[in-house]
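Here are a few notes to read alongside the model. Have a look at it first, then work through the points in order.

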Amino acid sequence: MLKMTARAIAWIIARLHGFRYKNEWYVPHPLGDVTLVVYHVRKPLFGRFWGITLCDTLVTTATNYVRVHAMHEATHTHQCRRYGWLFPLLYLLASIKALPTGKPYWNNAFEIEARTYEEVR
Ligand SMILES: [Zn+2]
């Protein structure tokens, strides 16, 4: 249910940003392999992001984004599976907690975890 809700929200985001095409991307990951459904779009997401993962669905504006950031995004898939419906709230709280650092995205605990897997190849 969460997965399908996330897919529906991702679909809406994709339609609002110039949907181009959809494909799937298989990501071997230390926490468990992930198959991302990828919506490719024309415009940067909300004017600034190149990629957003909602559970098993990635919306991205750059064709090579998936290849470069697959491990990072698949980590967000695992976080979504780990915390379920609480994940969006926990992600928001982690950003609020990181606000005093001046980098609420970079210092969000979930982003820090995702970055640790970028190095794993
Ligand atoms: Zn991230």
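Which residue is the bridge partner of Tyr39 in β4? Keep that one in mind; the answer comes with the sheet, in point 4.

1. Some housekeeping first. This is a predicted model, where local features need pLDDT of at least 70, side-chain atom pairs count only at pLDDT 80 or more, and totals for chains, interfaces and linings use all residues. Residues are numbered from 1 along each chain as its sequence is written. The helix and strand names follow DSSP runs (H or I of at least four residues for helices, E of at least two for strands), numbered from the N terminus.

2. Start with the sheet. Four strands form an open sheet in the order β1-β2-β4-β3, and the pairing is mixed. Strands count as paired if DSSP finds at least two bridges between them. At the edges sit β1 (19-27) and β3 (51-54), each of which pairs on one side only. From one strand to the next, the twist averages 20°.

3. Next, β1 and its partner. β1 and β2 (residues 34-41) run antiparallel and are joined by eight bridges. Along this pair, Trp25 stands opposite Leu36, and Val27 stands opposite Val34. The hairpin of β1 and β2 has six residues between the strands, and Gly32 there takes a positive phi near 130°. As for cover, six of the eight residues of β2 are buried, so this strand is mostly covered. Buried here means 20 or more other C-beta atoms within 10 Å of the residue's own, exposed means 12 or fewer, and partly exposed is in between, with C-beta atoms placed from the backbone.

4. Now the parallel part. β2 and β4 pair in the parallel sense, over four bridges. Here is the answer to the opening question: Tyr39 has Val59 of β4 as its bridge partner.

5. Four bridges join β3 to β4, and the two run antiparallel. Gly51 has Thr60 as its bridge partner, while Leu54 stands opposite Thr57.

6. Which way do the residues of these two strands point? In a regular strand the side chains alternate between the two faces of the sheet. In β3, Gly51 and Thr53 point one way and Ile52 and Leu54 the other, and all are buried. In β4, Thr57 and Val59 point one way and Leu58 and Thr60 the other, again with all of them buried.

7. Two residues deserve a look for their backbone angles. Cys55 is not a glycine, yet has a positive phi of about 55°. Cys55 is found in the loop between β3 and β4, a hairpin with two residues between the strands. Cys55 is buried because 25 other C-beta atoms lie within 10 Å. Phe46, also not a glycine, has phi near 55° and lies in the loop between β2 and β3. Phe46 has 10 C-beta neighbours inside 10 Å, so it counts as exposed.

8. On to the helices. Helix α1 (residues 2-16) lies across β1, β2, β3 and β4 (57-60), and runs at about 10° to β4. Angles run from 0 to 180 degrees between N-to-C directions, and axes are lines fitted to C-alpha atoms, for helices over the stretch in contact.

9. How do α2 and α4 pack, in angle and axis distance? Helix α2 (residues 65-83) and helix α4 (residues 109-118) meet at an angle of about 135°, with axes 8 Å apart. That makes α2 oblique to α4, since angles under 35 degrees count as roughly parallel, over 145 as roughly antiparallel, 65 to 115 as roughly perpendicular and the rest as oblique. On the α2 side the contact includes Met71 and His72, and on the α4 side Phe110 and Tyr117 are among the residues involved. Contact means C-beta atoms, placed from the backbone, within 7 Å.

10. Last, Tyr91, which lies in helix α3 (residues 87-98). Tyr91 is partly exposed, because 18 other C-beta atoms lie within 10 Å. Leaving out residues up to four places away in sequence, Tyr91 touches Asn108 and Phe110. Tyr91 and Pro30 are 61 residues apart in sequence and 22 Å apart in space, C-alpha to C-alpha.

Conventions. Contact = placed C-beta atoms within 7 Å.
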